[in-house]
Amino acid sequence: MGEPPRYIPEDLSELTSLALDLFWTWSHAGDDVWARIDPDLWQQVRNPWLLLETVSPARLNELARDEGFRAEVSRLARERRRYLDSETWFSARPEGGDLGGGVAFFSLEFGLGEALPLYAGGLGVLAGDLLKTASDLGVPVYGVGLLYQAGYFRQILDAAGRQEEAYPYNEPASLPIRPVLDGNEGWLRVPLRLPGRTVLLRVWEALVGRTRLYLLDSNDPRNTASDRGITAKLYGGVPILRLQQELALGVGGWRALQALGLEPGVCHINEGHAAFAGLERVRALMERHGLTFGEAVWAARAGNVFTTHTPVDAGFDRFPPEMVRENLFGKGGAFADTPIAPGDVLALGRADPGNAAEPLNMAFLATRLSARVNGVSRLHGAVSRNLFAPLFPRWPEEEVPIGHVTNGVHMPTWDSAAADDLWTRTCGKERWRGGEAELCADVGAAADEDLWSMRAAQRHALVAAVRRELVHQLPWRDPTGSAPPDLEGVLDPNALTIGFARRFTEYKRPELLLRDADRLARILANPAAPVQLVIAGKAHPEDAKGKQSIARWVEFVSRPGLRRHAVFLEDYDIGRALELVQGIDLWINTPRRSREACGTSGMKVLVNGGLNLSCLDGWWDEAYAPDVGWCFGRPAPDDAADAADFYRVLEEKVIPEFYDRDASGLPRRWIGRMRASMTRLAAEFCSNRMLRDYLGGIYLPAAASYRRRVADGAGLARSLAAWERALAAHWEQMHLGRVETAPCEGGWRFSVHVQLGEIAPDMVAVELVADPAGSTGRLRLPMERGRAIPGVINGFEYYREVQTDRPAAHFTPRIVPAHPEASLPAELPLVRWQH
């Protein structure tokens, strides 16, 4: 756990710092060094820290006498120091940018590699990719998460394909982490008050290149047995345990940062699980500046960012009001001795703030505590505007203030050694460490022979990995020993190889390919154009349907005629995903449209020259073009029709193109599609682009707004809270009169009498709006304040001339709040329409 391994020869002392920095998870430079120490163990654990903890002193002494090995270790250490010390894209930006104390990225899971298994799926892997990208680009982002004793489960399949779950213990001494020390050189522990006791959360640190991941765990011997179990497993099953985990992450995580002297300019709430970080930030600002709750919300919200990854309402965490009151505000609760009222917090997390029976919705809480909210793809942004519309009553769905930043993946993590070599030769070693996406176009200059040789090498490596893995898996799955012993015949390194790997859950339609299982079997076993299928994935332990889908697939691949053409690999994790995305020719994705928020697995094949065949959902809805891959299905999902369309595309388009070879044996059309996909899509869907989007569009504006609101004793935050109170008190007094219209040159002149009551004119805006029509999008036009209305206190005529060919009846006036320092309607969703 960060202490030097029990024995390292002095000549190899640099191995300690190399193994402790997770930079090795995306740098291929050290792979050969770690493999030389113990090839079999390295192949099994892929964890340099555990490798050094496990290998014998005799072996290390032997390596210390090897001059070549010592030179390789020194070279690796120099490369790491050069990486850490070099100027970064962020520091060299001519436009600059101040993030204050940086960006604190809160997430319940992080997937950085198999050496630190703190993730369940795509949410955590994306969080890990973002931290790696922040390191590469030099953007000051640091992660905050939990250290789980067991993490997520490991999957075992029995002979019938039934999934069983195992929870191996994450021994901290074998993980590349180290304790964080307090000012007295003791282990930093953060107190979290829960009803009747105080739980101590230990703070750990993982090095991720230039950045850090701070982890908290409750497994301190001073805690009770039940409290030590708060961080036992990722996503604790019962609601009370889930609530305690989210308090540990949000409240404990924010307090840990403060104990470390870190004052983030931006708090990024990655999914609603982390919403309590925003609430704890509010409490800290109340204490520091003597603010009321409302004033502190205005201060904190400017610097908070919420990213939702959920495409369905059922995916939001909800907690009963009585559970929230007891654990947050009851005797000894997390916020018990603060001026924060339970009703104020519960109101923030409800669609109807006044409904005392409505549970606390963590996604709603995060939204109301964040001035900037985004989905994770263009389509998911639209889906999210529908999901969160109840928080913005009477606002058109198109104006619900939720944008999108489409996810991207950290290409250096997911590329194979062969792909890394090709990209380095064509685009340079620094290609993923800057902001110049145009560099990816240079890979298009690679010769067809080089591109195809890369694909062949990767496919061959996957076939070898599958055969190795089946040696370990088949005895569990078939203890009778009746499985075919000739594993050398399983898969063909020259056949079209399709990958289908995901979480097995209903909306991903994992059985779509089995709608006509006999047809799929014929496709796979066709000797004239053989196709092979590699499947992997887990079902949630409580998802019976998902488990049934896995069993169906295991039954299918066990058909006598298919054992050499299709395999199901157990225990899908980052290590398995690496093998698949590097070796697969074609990646399949089958979700119901609008139910896949983004889906990043298909992005990971791009850098390796793999292609995609997917329905138009998530990221593929943005990425698809006829020359970069294939699509199937229809906008309104119909499983039978979509399956038939999938088989048709595979048989009529994909397979013929793969096997259409010229005189030199090269599939020129397929390679051309690879080239187009690599040059256009790899740059667009890499995490460099994603982080740059966050930086320019969200992080920097959020940090600047937060600085202004907390400056001078949070004077601006106090002023904004007073503005909100004044509007709320008198909003219903305002009145919009009848709209008068008259033709003018090229359109219409609109005027309306407005009575503002006791609200000052500069506190609101009067707008003329029209719904989208034809090729014209939604129109939102400010109206000018004209003459005062005689005999009416605070009444004015507002007018606007509009150049348009649309009927006057398409236009409607409304009154909305107006303030140059407020994000609207995100922070104050009031609107008054003409009655």
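Predicted model: local features only at pLDDT ≥ 70, side-chain atom pairs only at ≥ 80, totals over all residues.
Reader: Hi! Do-over from my notes: which way do strand β27 and strand β28 run, parallel or antiparallel?
Author: Strand β27 (residues 784-788) and strand β28 (residues 795-803) run antiparallel, joined by 3 bridges. Two strands count as paired if DSSP finds at least two bridges between them. Helices (H or I, at least four residues) and strands (E, at least two) are DSSP runs, numbered from the N terminus.

Reader: New topic. What is the strand order in the open sheet of 6 strands?
Author: The order is β19-β18-β17-β20-β21-β22, with parallel pairing. The edge strands, β19 (566-569) and β22 (630-631), each pair on one side only.

Reader: And how many bridges link β20 and β21?
Author: Strand β20 (residues 586-589) pairs with strand β21 (residues 611-614) over 4 bridges. Trp-587 has Asn-612 in β21 as its bridge partner.

Reader: Where is Arg-202, and is the residue buried or exposed?
Author: Arg-202 is in strand β9 (residues 197-208). Arg-202 counts as buried because its relative accessibility is 9%; buried means under 20% relative accessible area, exposed over 50%, and partly exposed in between (1.4 Å probe, protein chains only).

Reader: Which residues is Arg-202 in contact with?
Author: Leaving aside neighbours within four places in sequence, the contacts (heavy atoms within 4.5 Å) include Trp-187, Leu-215 and Asp-217.

Reader: What about Pro-48, buried or exposed?
Author: Pro-48, in helix α4 (residues 48-54), counts as buried because its relative accessibility is 0%. Not counting residues up to four places away in sequence, Pro-48 touches Ala-19, Trp-24, Trp-34 and Trp-42.

Reader: Last one: where is the kink in α25 centred?
Author: The kink, about 125 degrees, is centred on Gly-713. The bend at a residue is the angle between axes fitted to the seven residues ending there and the seven starting there. Helix α25 (residues 687-730) has 44 residues, but its end C-alpha atoms are only 46 Å apart, short of the 64 Å a straight helix would reach at 1.5 Å a residue. That expected span is 1.5 Å times one less than the number of residues.

Technical notes:
Residues numbered from 1 in each chain as written. Heavy atoms only, no water.
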